[in-house]
Amino acid sequence: MNFLKSNDILYKHQYGFRPKHSTIHQIIHLLNHCAEATSKPIPEYTLAMFCDLSKAVDVINRIILLKKLNIYGIRGVVNNWFDSYLSERKQYVDFDHNPSKHSSIDLSVPQGAILGPLLYLIYVNDIGNSCTGNILSFADDTTLYMSDSRLDRLFVY
């Protein structure tokens, strides 16, 4: 986290899993935007879409995550360590002392691990570049929004 903060890598409107950030920051940002939009000489409407990605950490692709780590400067031995940490993981269920067969896990980061939230932030860090609207996120809760003086134009974007 220190590396990401000191190099200003994290998306500025990602408020989840970060010290001194909370859900209230995301809400205030959106409310301020709406207030400014309606206060313009020609008032604007704001259209927002609220998304909640269920089981977001379960769909993280290891190869894509490792490439993103590399892009952000986490290379060499450290990137290899992450590869090892995320590779060749298996799971099984033990019900009433009857274990199932082990199955390989090709996607996701380990649940409950302290690195899980940080790796998720890195995985979705480029979300701000993904559309023409504005994006606010708190972990996997994402708000896409835009404003325009003409309501019909908001539905064209």
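Where is S108 found? I traced S108 to the loop between β5 (103-105) and α5. I kept in mind that the model is predicted.

Next entry: buried or exposed, what is S108? I read a relative accessible area of 12% for S108. The cut-off for buried is under 20%, so S108 counts as buried.

I then listed the neighbours of S108. Leaving out residues up to four places away in sequence, S108 touches V57, D58, I60, L86 and R89. I also checked S108 against S87, which lies 21 residues away along the chain. Their C-alpha atoms are separated by 10 Å.

I moved on to the helices. How do the axes of helix α3 and helix α5 cross? I took α3 as residues 62-71 and α5 as residues 115-123. Their axes come within 9 Å and cross at roughly 80°. Angles of 65 to 115 degrees count as roughly perpendicular, so I noted α3 and α5 as roughly perpendicular to each other. On the α3 side, I64, L65, K68 and L69 make the contact. On the α5 side, the contact residues are L119, I122 and Y123.

Last entry: the surface. Which residues form a nonpolar patch there? I found I24, I27, I28 and L31. Together they have about 370 Å² of accessible area.

I28 sits in helix α2, residues 23-38. Its relative accessible area is 42%. That value falls between the 20% and 50% cut-offs, so I put I28 down as partly exposed.

How values were computed. Residues numbered from 1 in each chain as written. Predicted model: local features only at pLDDT ≥ 70, side-chain atom pairs only at ≥ 80, totals over all residues. Heavy atoms only, no water. Patch = residues over 30% accessible without salt bridge, like charges linked within 9 Å, V, L, I, M, F, W, Y side chains within 5 Å. Areas by Shrake-Rupley, 256 points an atom, 1.4 Å probe, with all protein chains shown as cover. Salt bridge = Lys/Arg side-chain N within 4 Å of Asp/Glu carboxyl O. Helix = DSSP H or I, 4+ residues; strand = E, 2+ residues; numbered from the N terminus. Buried < 20%, exposed > 50% of the residue type's maximum accessible area, 1.4 Å probe, protein only. Axes fitted to C-alpha atoms, helices over the stretch in contact; angles between N-to-C directions. Parallel < 35°, antiparallel > 145°, perpendicular 65-115°, else oblique. Contact = heavy atoms within 4.5 Å.
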